Amino acid sequence: MTVNAPALPPFWSLVEAHGDELLAHARRVAGPEHAEDVLQDAFLRALRAYPRLRHAEHLRAWLYRVTTTAAIDAHRSRPREQPVAELPAVGVEDDHDPGGEFEALIAPLPETAREPLRLRFVEDLDYDHIAGRLGCSPQAARQRVSTAVRTLRERHAA
Amino acid sequence: MTPLPDTLLEAVASAAVREGLADAIFTRLKTPIGRLLVVQGPNGIARIGFEEEAEDALLAGVAAELGPRVVASDRELAATRDTLSAYLEGEGDTLELPVDLRFVHAPFRREVLETLHDTVRRGEVVTYGTLAERSGRPRAFRAAATACARNPVPLVVPCHRVVPTGGGIGNYGGGAARKRALLELEGVL
């Protein structure tokens, strides 16, 4: 390790301390049927990035962000032919403040990006309906969701 | 809140090992001499802790020495677990496991532990003086005793087989009672 490297706790201590709540979070953002795959992917992403972290603070919040990003990427890569499975179940099982974490996640983005993300991931609309709500073509709706997801991912990777 | 399934944790750990993402792998093992925490480093067993040792501190030390990507896996360490269990239950004759002494920074202490690992078999004991002599410094029996007292990999490097010249079984990092139990297991007492 270099001299300036922060004293990071053993990765598995984080997994054992926060794993249960991260699984609950994965259920909220990815749906129960995808939660475990998403969380597994999130842990591996986190492990890859872990030695490069510049400080050892807010590690729990960081793991929440990595899990959310993994859920979004999993959703995007899933085949479109699975209409039910494809829809993320944000807030569906939540007993408090449904979508609150999602709002916090997208808060840094401009409203022009937040609205397509809400329509897609919170309201579970398909692109025809998103287009109707945004007053644009389905193709443009898809483009706006895609751009917003990319912006979100870049912001959280930074 | 539903607890995280063990299968998920094992899958993460195995994938991490496969991708070369794990700086160290650890496992918790129940044995007749209590729960052990066993840590595998790049070249072999790097740390073994008895149950009295605080796990947080032990793993923090592992992160500092080997890197922070510390993962747990019973599956990846299955062979090590089997070897240790068989030995401690009296079924295995030898405890042949690769050892990684990178926690030992002082050159002479490392020499002492390597000598101990390589030359003192099950059923034998040596004195601290003999061990110092075999390690190349006959008068350094106190340094040899310190090396044993701070042995990061008890059992695998058999510091329980080192006894005082004046008789008795002497001290042990894991407690004298455990040293006695191990020597009884090995048929010395």
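In this predicted model, let's start with two helices of chain A: α2(A), residues 35–49, and α3(A), residues 59–77, whose axes come within 8 Å and cross at roughly 125°. That angle makes α2(A) oblique to α3(A), because angles that are not roughly parallel, antiparallel or perpendicular count as oblique, and perpendicular ends at 115 degrees while antiparallel begins over 145. The crossing of α2(A) past α3(A) is right-handed.

Which residues bring these helices together? From α2(A) come Asp37(A), Val38(A), Leu39(A), Asp41(A), Ala42(A), Arg45(A) and Ala46(A), and they meet Leu63(A), Val66(A), Thr67(A), Ala70(A), Ala71(A) and Ala74(A) of α3(A). Sorted by class, this contact holds nine nonpolar, one polar and three charged residues.

Now step across to where the chains touch. Chain A gives 23 residues to the contact and chain B gives 22. On the chain B side, α1 (6–18), α2 (55–66) and β4 (70–72) each supply at least two residues, with α1(B) providing the largest share, six residues. By class, that side of chain B has 19 nonpolar, two polar and one charged residues.

Finally, stay in chain B and look at α4(B), residues 107–119. This helix has 13 residues and spans 18 Å from first C-alpha to last, close to the 18 Å expected at 1.5 Å a residue. Within α4(B), the buried residues are Arg109(B), Glu111(B), Val112(B), Leu113(B), Thr115(B) and Leu116(B). Their cover includes α5 (128–134), α6 (141–149) and β6 (162–163) of chain B.

Terms used
Residues are numbered from 1 along each chain as its sequence is written. Chains are lettered from A and ligands numbered from 1 in the order in which they are written. This is a predicted model: local features need pLDDT of at least 70, side-chain atom pairs count only at pLDDT 80 or more; totals for chains, interfaces and linings use all residues. Axes are lines fitted to C-alpha atoms, for helices over the stretch in contact, and angles run from 0 to 180 degrees between N-to-C directions. Helices (H or I, at least four residues) and strands (E, at least two) are DSSP runs, numbered from the N terminus. Angles under 35 degrees count as roughly parallel, over 145 as roughly antiparallel, 65 to 115 as roughly perpendicular and the rest as oblique. A crossing is left-handed if the near helix is turned anticlockwise from the far one by less than a right angle, and right-handed if clockwise. Two residues are in contact if their C-beta atoms, placed from the backbone, lie within 7 Å. Ala, Val, Leu, Ile, Met, Phe, Trp, Tyr, Cys and Pro count as nonpolar, Asp, Glu, Lys and Arg as charged, and the others, Gly among them, as polar. The expected span of a helix is 1.5 Å times one less than its number of residues. A residue is buried if 20 or more other C-beta atoms lie within 10 Å of its own, exposed if 12 or fewer, and partly exposed in between; C-beta atoms are placed from the backbone.
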